[in-house]
Amino acid sequence: MNNKIVRISALCVLITSCAFAQQKDSIASQNQLDEVVISDSKFALAKEKSGKVIVKITAAELAKKSGQSLATVLSTVAGVEINGNQSSAGKNLSYYIRGGRNRQTLIMIDGIPVTDASGINLEYDLRLIPVEQVESVEIMKGAASTLYGTGAATGVINITLKKAAKKSFAGNVYANVGTQNTAEKKNYNLNDFNQGVALNGSGTKFNYYASLNSTETTGISDASVPQSATYEADNFSRINALVKLGVKPTTKLALDFFANYDRMKNDFDGSFDNFNNPDTPLNVSKSEQFRFGFSPKYKYNKGEFVLNSSFNTIQRDYTVYSSYSNSVGESVYNSKSVNVDAFNKYAFNSQFFVVLGNQFQFNEMNSETPYDAIAKEIAKFNTNDPYVTAVYNSDFGFNLNAGARYNMHSVYDSHFVYNVNPSYTFSKLPLKILASYSTAYITPSLYQLYSPYGNLDLVPEENSTVEAGFELNMLDKKLTLNTVAFYREEKNAFGFYTAPITYISNYINIEGINNAKGIETMISYALSSKLSVNGNYTFTQVEERLSRLIPKHKGNVSLDYQPTTKVFFNVNYQYVDQRNDAFFDGGTYATTPVLLDAYQLVNATAKYDLIKNRMSIFAAINNILNEEFVESVGYSTRGRNFKLGLNILF
């Protein structure tokens with residue numbers, strides 16, 4: 001183990017001595033690519049004026065990662081671990097940013113928070129989003145509740161979906177096929193199919209975008225397959241439809257509408273009581289999501305007013321086999337969420353602007369299971385949060401972003417959060433230093449409040465993060481290096497408690513403070529106009545009781561080579577350190593700690609433009625070395641697999 005750590009550390013040191021190109025940057029250091037970011041102020045801000053290291057994954061970079069899921073792409077970002085991205089397609093995902101959990105990561109689509117209000121925690125399932133619908137992604141790590149409210153405790157993932165092209169009519173058709181194998185089961189039949197079509201265009205006062213995507217995957221079992229057993233393949237399917245319409249009555253006013261439908265169905269294994277036979281064809285899950293919204297924007301001389309509104313429903317159906325009763329039970333979860341966020345930017349001058357806003361959110365759920373039911377007439381709450389953010393960009397290099405939010409909740413007392421984020425760019429040195437202190441809150445979920453285990457005395461979980469770092473650009477920005485160190489504390493964390501004598505169980509706020517600390521570093525170097533190297537390294541240390549599935553060391557290295565304008569090659573390497581996990585025995589109700597081995601992955605992609613800007617093909621090989629590893633105890637992971645794809649633009 002120590003030798004592996006030495007190897008990855010040496011590799012990172014080697015990359016640090018190299019150089020890196022912005023044009024050929026890898027996912028791990030996307031924050032260096034674009035000069036404009038929006039996540040730290042809700043409005044476009046020159047990157048050098050931002051006091052955060054914001055990772056931006058552009059459309060060009062997503063194209064370089066053809067054949068990979070959104071979760072897999074995100075898991076190559078420094079400080080981000082998406083557990084389950086290397087497992088079967090239907091495996092649930094866990095998000096670990098700076099030692100946090102799903103409930104501490106806020107997912108947004110086109111600047112609007114999304115959540116499933118019927119879950120145990122308020123979180124969103126990234127499996128619902130096909131990467132082919134995504135235009136770009138911004139990842140801002142650290143507490144960000146001042147701007148974005150509940151859940152933005154360890155990071156914000158802001159996903160921008162594709163939009164209309166500038167010409168009057170455009171579109172694309174794509175199809176990808178691939179294999180689905182574990183390392184020990186090599187069956188190179190085609191079991192992974194992705195296809196879709198999109199039409200879009202713009203006029204002087206109107207624009208439109210419409211797409212339809214589908215995915216069908218089979219071939220491997222959700223549960224891990226012992227050498228002596230043959231488990232049934234678990235199927236995964238997904239359909240996604242998206243429509244965007246934009247109207248621009250005047251040069252100052254823009255009216256944007258969107259609607260999308262997403263359906264996901266998958267087989268799954270490992271139900272809590274299937275300890276004798278974790279593999280079963282009877283466990284089936286289906287999720288359906290409807291979202292629609294309206295976002296008017298009005299620009300005036302000194303600023304801009306924006307209203308982001310959305311309504312979404314999610315229904316989750318589960319069919320689960322019980323080995324105790326030898327029967328199949330059915331569970332249904334329904335949720336409704338409304339988000340209305342009105343905010344205004346007012347620029348006092350070219351160096352100082354203020355964002356003043358108010359966000360209203362409403363969540364409701366109901367569920368029916370073989371064990372209990374939750375009625376929507378009871379399980380609902382709303383929040384109403386005024387907030388303000390001020391941004392000062394001096395002409396001598398000093399920048400300051402500071403703000404505050406007052407959370408008013410219909411169940412618990414009000415809560416106050418704030419942030420302070422100064423940075424300084426040296427005029428005679430290619431160096432920017434930055435620091436921040438920010439606080440965040442996490443609202444108890446409807447399930448934690450109103451289920452049979454609910455507790456109406458719960459208060460929000462509180463998080464605070466302090467960070468400091470630097471950003472270095474040299475050799476005409478061919479060499480880019482940034483490093484950030486962070487320290488995070490959380491208190492009033494949500495936990496599940498069972499009384500030792502009465503066995504009565506309910507959700508509680510856990511007393512005491514938990515902490516996480518770490519270092520994130522990213523480097524890029526353009527060896528030439530055709531060749532670039534990118535790398536990142538993450539060190540994360542959390543308290544033992546919070547360390548499940550969080551690697552202490554993680555590193556990524558990527559090599560991009562474009563010998564001609566039509567040909568592109570990428571090879572990337574990922575190292576994931578040992579992780580703590582736990583195995584729950586449904587027969588004895590005992591939990592056994594498990595230490596998962598470190599693993600290394602090598603992947604490669606090649607792209608070729610058959611017709612420049614019209615038709616392209618790609619070939620990808622993932623897990624080239626056919627590494628056998630475990631992401632989560634008891635579940636399968638993918639071995640060496642191949643994928644081929646064709647994309648036609650018109």
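Visitor: What volume does the largest cavity have?

Guide: The model is a predicted one, and its structure holds 12 cavities of 30 Å³ or more. The lining of the largest cavity comprises 37 residues, with Gly67, Gln68, Ser69, Arg638 and Lys643 nearest its centre. The volume of this largest cavity is about 650 Å³.

Visitor: By class, how many charged residues has the lining of the largest cavity?

Guide: Helix H3 (70-74) and strand S34 (641-649) are among the elements that each supply at least two residues of this lining. Divided by class, the lining has 10 nonpolar and 20 polar residues, and its charged residues number 7.

Visitor: Which residues lie nearest the centre of the second largest cavity?

Guide: The second largest cavity holds about 310 Å³ of space. Strand S6 (105-109), strand S16 (303-322), S17, strand S18 (352-368) and strand S20 (380-393) each give at least two residues to its lining. By class, that lining has 12 nonpolar, 15 polar and 2 charged residues. Of the 29 lining residues, those nearest the centre are Val114, Thr115, Leu122, Thr150 and Gln361.

Visitor: With which side chain does the side chain of Asn339 make a polar contact?

Guide: Asn339 is found in strand S17 (residues 327-349). Not counting residues up to four places away in sequence, Asn339 touches Ile112, Pro113, Asn308, Ser309, Ser310, Gln359, Phe360 and Gln361. The polar contact, at 3.2 Å, joins the side chain of Asn339 to that of Gln361.

Visitor: Is Asn339 buried or exposed?

Guide: The relative accessibility of Asn339 is 3%. Buried means under 20% relative accessible area. Asn339 therefore counts as buried.

Visitor: How many residues line the second largest pocket?

Guide: About 1,600 Å³ of space lies in the second largest pocket. Closest to the centre of this pocket are Asp110, Thr160, Lys163, Asp256 and Lys297, and its lining residues number 48. By class, the lining has 19 nonpolar, 13 polar and 16 charged residues.

Visitor: Which element gives the largest share of the largest nonpolar core?

Guide: The largest nonpolar core has 38 residues, of which Leu70, Leu74, Leu126, Val137, Ile139 and Ile159 touch the most other members. Elements that give two or more residues to this core include strand S8 (134-141), strand S9 (155-161) and H3. The largest share, 4 residues, comes from H3.

Visitor: What does Ile159 touch, not counting residues up to four places away in sequence?

Guide: Ile159 is one of the residues that touch the most other members of the largest nonpolar core. With residues up to four places away in sequence not counted, Ile159 touches Leu70, Ile107, Met108, Ile109, Asp110, Leu126, Ile129, Val134, Ser136 and Val137.

Visitor: With which side chains does the side chain of Asn570 make polar contacts?

Guide: Asn570 has its place in strand S29 (residues 567-576). With a relative accessible area of 2%, Asn570 is buried. Its side chain makes a polar contact at 2.5 Å with the side chain of Asp560, and another at 3.0 Å with the side chain of Asn572.

Visitor: What distance separates the C-alpha atoms of Asn570 and Lys65?

Guide: Lys65 is among the residues that Asn570 touches. Along the chain, Asn570 and Lys65 are 505 residues apart. Their C-alpha atoms are separated by 8.5 Å.

Technical notes: Residues numbered from 1 in each chain as written. Predicted model: local features only at pLDDT ≥ 70, side-chain atom pairs only at ≥ 80, totals over all residues. Heavy atoms only, no water. Buried < 20%, exposed > 50% of the residue type's maximum accessible area, 1.4 Å probe, protein only. Polar contact = N/O pair within 3.5 Å; in protein donor to acceptor, adjacent residues only side chain to side chain. Contact = heavy atoms within 4.5 Å. 1 Å grid on protein atoms, 1.4 Å probe; cavity = no way out; pocket = protein on both sides within 12 Å on 5 of 7 lines; lining within 4 Å. Points joined across faces, edges and corners; volume = space filled by probe spheres on them. Nonpolar A, V, L, I, M, F, W, Y, C, P; charged D, E, K, R; others polar. Core = buried A, V, L, I, M, F, W, Y, C linked by side-chain atoms within 4.5 Å.
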